[in-house]
Amino acid sequence: MQIMGISVTFVDISCFQHPLNMGAYNAVTNEMALCVDNAQSNKVALDRVVRHELIHAIHQRYRLDSRVTLTPEPRFTNEVKKELSSEEVLNVLSIYDRKLALQELEARLLEKTLSNDEVATLGIASQIFYNTSKP
């Protein structure tokens with residue numbers, strides 16, 4: 001996270017407002033909030049939350065339109081069907097704005113299927129892209 005310049009906070013209003021919220025990434029401030037108590041209460045490992053929020057940061061670094069994923073089709077759809085429950089997919093589709101749902105599904109998918117090292121490598125590559133490309 002250091003190479004991406006992301007600061008981390010362990011106190012965020014969203015943690016108290018939504019007990020199922022495990023973390024958040026704010027692209028404007030380049031800050032990641034981790035809801036440690038919520039993650040522990042829901043038996044979710046903190047490294048998984050960090051991977052999830054880093055995927056959101058990577059989306060931002062690649063300047064992806066919110067309806068575009070890192071994982072190409074049809075692989076994205078096939079992996080979502082294989083790795084995420086129907087209940088989780090329906091939750092995302094009902095809770096998240098339609099424009100943000102695909103990247104939220106991808107963050108949930110990749111947090112489960114990629115290792116810390118793989119996400120870190122994607123993060124480094126995305127930061128290099130961000131630093132060397134024009135908006």
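**Figure 1. K43 sits in the loop between α2 (36–41) and α3.** This is a predicted model, in which local features need pLDDT of at least 70 and side-chain atom pairs count only at pLDDT 80 or more, while totals for chains, interfaces and linings use all residues. Residues are numbered from 1 along each chain as its sequence is written, and side-chain values use heavy atoms, with hydrogens and water left out. Element names follow DSSP: helices are runs of H or I with at least four residues, strands are runs of E with at least two, and both are numbered from the N terminus. K43 isn't a glycine, yet its phi is positive, near 55 degrees. Most residues other than glycine have a negative phi. K43 also counts as exposed, because its relative accessibility is 77% (buried means under 20% relative accessible area, exposed over 50% and partly exposed in between, using a 1.4 Å probe and protein chains only).

**Figure 2. Now for the loop between α3 and α4, where R63 is found.** R63 has a positive phi of about 55 degrees, although R63 is not a glycine. With 32% relative accessibility, R63 counts as partly exposed. L64 has its place in this loop too, and L64 is partly exposed, with a relative accessible area of 25%. What does L64 touch, not counting residues up to four places away in sequence? The list is H59, T69, L70 and Q103, where contact means heavy atoms within 4.5 Å. From L64 to S14, the gap is 50 residues in sequence and 25 Å in space, C-alpha to C-alpha. P74 is also in the loop between α3 and α4. The peptide bond running from E73 to P74 is cis, with omega near 0 degrees. Most peptide bonds are trans.

**Figure 3. Here α3 (residues 46–61) meets α6 (residues 98–113).** Two packed helices are described by the angle between their axes and the distance between the axes. For this pair, the axes come within 8 Å and cross at roughly 135 degrees. That makes α3 oblique to α6. On the α3 side, the contact is made by R48, R51, H52, I55, H56 and H59. Among the α6 residues in the contact are Q103, E104, A107, L110 and E111. By class, the contact has three nonpolar, four polar and seven charged residues (Ala, Val, Leu, Ile, Met, Phe, Trp, Tyr, Cys and Pro count as nonpolar, Asp, Glu, Lys and Arg as charged, and the others, Gly among them, as polar).

**Figure 4. α5 and α6 pack with axes that come within 9 Å.** These axes cross at roughly 145 degrees, and the crossing is right-handed. From α5, the contact takes in E88, V89, V92 and L93, and from α6 it takes in A101, E104, L105, R108 and K112. Sorted by class, that gives five nonpolar, no polar and four charged residues.

**Figure 5. α3 and α7 (residues 116–132) come within 9 Å, axis to axis.** How do their axes cross, and at roughly what angle? The angle is roughly 20 degrees, and the two helices are therefore roughly parallel to each other. The crossing is left-handed. Residues in the contact include L54, I55 and I58 of α3 and V119, L122 and F129 of α7. The contact of α3 with α7 has seven nonpolar, five polar and three charged residues. V119 of α7 counts as buried, at 1% relative accessibility. Not counting residues up to four places away in sequence, V119 touches R51, L54, I55, I58 and L114. V119 and I58 are 61 residues apart along the chain, and their C-alpha atoms are separated by 9.0 Å.

**Figure 6. The largest nonpolar core has 24 residues.** Such a core is a set of buried Ala, Val, Leu, Ile, Met, Phe, Trp, Tyr and Cys residues joined through side-chain atoms within 4.5 Å. M4, I6, M32, L54, I55, V80 and L105 touch the most other members. Two or more residues come from each of β3 (31–34), α3, α4 (75–83), α5 (86–95) and α6, and α3 gives the most, with six. In soluble globular proteins, nonpolar side chains tend to be buried together. Leaving aside neighbours within four places in sequence, I55 is in contact with A107, L110 and V119.

Conventions: Axes fitted to C-alpha atoms, helices over the stretch in contact; angles between N-to-C directions. Parallel < 35°, antiparallel > 145°, perpendicular 65-115°, else oblique. Left-handed = near helix turned anticlockwise from the far one by under 90°.
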